[in-house]
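Student: I am new to this structure. Please take me through one part of its surface closely, and then through its surroundings.

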Amino acid sequence: MAASMRTAGAALWSKAVRDFDSKAAAAAAARPGVPPLPLQHSALTRSSVYMVPAVFLHTGRVRQTQTSRSITVIEEPDTLFQKLTVLVKGHDKAVLDSYEFFASMTAKELGLTLAKVSEPPKNIERLTLLKSVHIFKKHRVQYEMRTHFRCIEISKVTGSTAQVYLEYIQRNLPEGMAMEVTKTAIEKVPEHIRTPLWGDQSQAEKTSQ
Amino acid sequence: MAASFSSQRRLLTTLCSQLNGALWLNSGVRSIHSTAVCNKNRAARIRVGKGDRPMTYEEALPPHQIAHRKGWLSHHTSNLNGEHGTADRTVEDAFIRRFIYGTFHRCLANELVIKRRGNMLIISALMFQKMPPRKYYFFIGYTEELLSHFYKCPVKMEIQTVEEKVVYKYL
């Protein structure tokens, strides 16, 4: 069962790669955090471009792996996660919005259950500094740094699926955004706690009596 | 007795008024009252002039428009809540900007955009078509090689060239 889970994970990865090649391009083009490709004629530039852009294209696409040959089957059971929490932090709310759309779309396509997609309140760190180099204590300047958050919670995933999902999400994380992942694993009850002690004790008393 | 009392009292009152009241109220001297001057903010703001100075979008908008009408010039995670390495990234950015400003002499059309994706350092620049493309390629390769050895991480440059300055406004 564990082996089949592992192969299922790898098969999902290949399917994801095939399906997402086109979708990633669309998602990448839609996200505002991605830099403009050199050949695109943006609204600002009016003239032709000298440079050959192929050298400088970094689209961040995932290359198609030859899945039929590289599926590894391992005997040990796969870890099970009750909850997988992805907290994304950024300065730009628009980029966070589009990344949330991307991550939730990925989860839906992979068949994962999105338990919760929430927006924790933003954090503003303010600094009040003196405006002048020398005296003038009454005149100050204030700066602030805003951090916006997004929390995506996925429930009941296997270890390999979580690995696939997280790797895909993290490869496409825009610059200027930080991610924190929290996993809650489910483990088997240890052997020595399985049966209650009082059952053995009463038997011991009866035998002694 | 009464007369002496009243005269004493008059003397007293005049003395008191002179002591209590301000000297200049009575003597008729005026002086300037001033506090320290609070100057207007001048950081990264270009003051309106005759209308002959071409400005790019980046230059024309003041810094309080960042995150409203402007974007950021350097993208990294160090300024987020609970992240480390702010000063290091800032110093690196300052060095990279000066380095590229010096390497591509008078070729930069706009400010550099520096992005950090994972391990990579990506420098996006908008340049004028001043030099032949072969020179550009050489300088890009030289920059990438030198900076990647210096910062011990892969450095990539993404350049877009433009014929002349992209003007947004004349100030």
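Tutor: A:Leu129 lies in strand β3 of chain A, which covers residues 123-130 (strands, E, at least two residues, and helices, H or I, at least four, are DSSP runs numbered from the N terminus). The model is predicted, so local features need pLDDT of at least 70 and side-chain atom pairs 80 or more, while totals for chains, interfaces and linings use all residues. Residues are numbered from 1 along each chain as written, chains are lettered from A and ligands numbered from 1 in written order, and side-chain values use heavy atoms, without hydrogens and water.

With a relative accessible area of 41%, A:Leu129 is partly exposed (buried is under 20%, exposed over 50%, partly exposed in between, with a 1.4 Å probe and protein chains only). Together with A:Leu127 and A:Tyr143, A:Leu129 forms a nonpolar surface patch of about 280 Å² accessible area (nonpolar side chains are joined within 5 Å, at over 30% relative accessible area and without a salt bridge, that is, Lys or Arg nitrogen within 4 Å of an Asp or Glu carboxyl oxygen).

As for confidence, the model scores ipTM 0.74 and pTM 0.68. Chain B has a mean pLDDT of 87, with 85% of its residues at 70 or more (pLDDT is the predictor's confidence in each residue, from 0 to 100).

How values were computed:
Patch = residues over 30% accessible without salt bridge, like charges linked within 9 Å, V, L, I, M, F, W, Y side chains within 5 Å. Areas by Shrake-Rupley, 256 points an atom, 1.4 Å probe, with all protein chains shown as cover. Salt bridge = Lys/Arg side-chain N within 4 Å of Asp/Glu carboxyl O.
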